[in-house]
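Visitor: Hi! Could you walk me through this one?
Guide: Happy to. Here it comes.

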Amino acid sequence: MVVVSGLLPVNAGALSADARLLPSVRAIGARHGFDYTDDAATAAMLAERRRALRACERGPLVWLGALTLTVGVMWPFLGPVVPAFSGKPVLAFGPAGPLLVVAVAALTLVRQRWKRELLDARLAGYREVLGLARAHGVPVTHVPGWLVGRSFSGDRETVPIPVYAEVEPSPGGPSSEGLSYEGSSSEGSSPRGEAEPSTAPDVPTKPASVMSYEAMADEGGWHDETGWLLLFAGIVAVAWAVSSDNPLGYLAALVAVPVAISIWVAGSRQGRERQRLREAAVAYVRALSAAQAAGARVPELSPVLQKLLEEETEKEKNQAA
């Protein structure tokens with residue numbers, strides 16, 4: 001089965017479509033000692049760099065820093081109440097300082113190692129390639145959060161994709177140089193310098209189910225909370241009716257409880273429908289990955305599909321670990 005993690009931000013077929021872009025990409029590759037027009041090598045490099053960053057984010061130093069930070073913050077509150085430390089301020093408060101120093105040192109070292117991995121020359125060159133591709137109007141399918149440093153910094157991009165001045169579209173369209181490249185996974189590619197018509201497969205059309213998923217992906221999520229609130233309100237109404245001998249409380253409960261149940265049923269149906277559409281969206285992303293591996297120029301994914309891609313990629317990485 002095709003995995004979604006195999007979907008590259010941009011493939012060699014897309015990079016070679018503009019004869020003005022390809023020499024720049026090759027120049028970046030020569031400067032960093034890597035061929036960014038080799039899809040297989042690029043995918044392997046990205047997977048290797050992702051593993052290195054993941055090791056920094058989840059290594060023993062992270063656990064040491066988190067543990068000592070937690071203990072250091074809690075010690076001034078818990079230390080004084082321990083009977084053995086009663087009347088001994090050095091033991092009750094003193095260890096908090098060294099623990100916090102160790103925590104800060106460990107987490108700082110983790111951050112430095114993570115930043116060093118993120119600034120790897122090949123990754124830096126690839127970010128330049130993506131910036132140039134955007135400037136030339138070449139669609140960048142997606143930008144993984146870890147590639148720009150969002151995996152360890154929340155929503156902030158530590159090393160964003162460079163922004164270059166936009167290049168006017170070539171009036172003559174792709175030239176013979178742009179149609180030939182080395183290292184592409186597309187079948188039937190010709191050696192550099194030999195022009196032949198593009199044989200890239202068609203990009204799968206986005207199904208209506210995927211469009212529906214994009215429209216409703218962020219909807220819902222309130223059914224459970226609302227249902228429980230209404231149920232709690234019904235219980236309170238019954239208690240009030242019993243304590244005050246007022247039948248209006250029973251009437252309120254008779255209204256609130258069925259409404260809560262109906263909201264839960266509606267939420268369950270919506271959840272099943274969202275899951276069905278999500279599976280269709282995952283299948284679509286897999287189809288795009290297969291088409292790209294065959295040499296197709298894959299369009300940029302919507303924010304919803306990019307989020308889905310990152311979730312599925314993380315799931316695949318966890319399953320493989």
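Guide: One term to begin with: a contact means heavy atoms within 4.5 Å. This is a predicted model, where local features need pLDDT of at least 70, side-chain atom pairs count only at pLDDT 80 or more, and totals for chains, interfaces and linings use all residues. Residues are numbered from 1 along each chain as its sequence is written, and side-chain values use heavy atoms, with hydrogens and water left out.

Visitor: Thanks! How many helices and strands are in the chain?
Guide: The chain has 12 helices and 0 strands. Helices (H or I, at least four residues) and strands (E, at least two) are DSSP runs, numbered from the N terminus.

Visitor: Which residues of α9 and α11 meet?
Guide: From α9, Ser 209, Val 210, Ser 212, Tyr 213 and Met 216 meet Gln 270, Glu 273, Arg 274, Leu 277, Arg 278, Ala 280, Ala 281 and Tyr 284 of α11. The residues of this contact divide into 7 nonpolar, 3 polar and 3 charged. Here Ala, Val, Leu, Ile, Met, Phe, Trp, Tyr, Cys and Pro count as nonpolar, Asp, Glu, Lys and Arg as charged, and the others, Gly among them, as polar.

Visitor: And at what angle do α9 and α11 pack?
Guide: About 125 degrees, with the axes of α9 (residues 208-216) and α11 (residues 248-293) 8 Å apart. The axes are lines fitted to C-alpha atoms, for helices over the stretch in contact, and angles run from 0 to 180 degrees between N-to-C directions. So α9 is oblique to α11; angles under 35 degrees count as roughly parallel, over 145 as roughly antiparallel, 65 to 115 as roughly perpendicular and the rest as oblique.

Visitor: New topic: which residues have the most contacts inside the largest nonpolar core?
Guide: Tyr 36 and Tyr 126, in a core of 29 residues. A nonpolar core is a set of buried Ala, Val, Leu, Ile, Met, Phe, Trp, Tyr and Cys residues joined through side-chain atoms within 4.5 Å. The element that gives the most to this core is α7, with 6 residues.

Visitor: What does Tyr 126 contact?
Guide: Beyond neighbours within four places in sequence, the contacts of Tyr 126 include Leu 8, Pro 9, Val 10, Tyr 36 and Leu 147.

Visitor: Is His 136 buried or exposed?
Guide: His 136 is buried, because its relative accessible area is 14%; buried means under 20%, exposed over 50% and partly exposed in between (1.4 Å probe, protein chains only). His 136 sits in the loop between α7 (121-135) and α8 (176-179).
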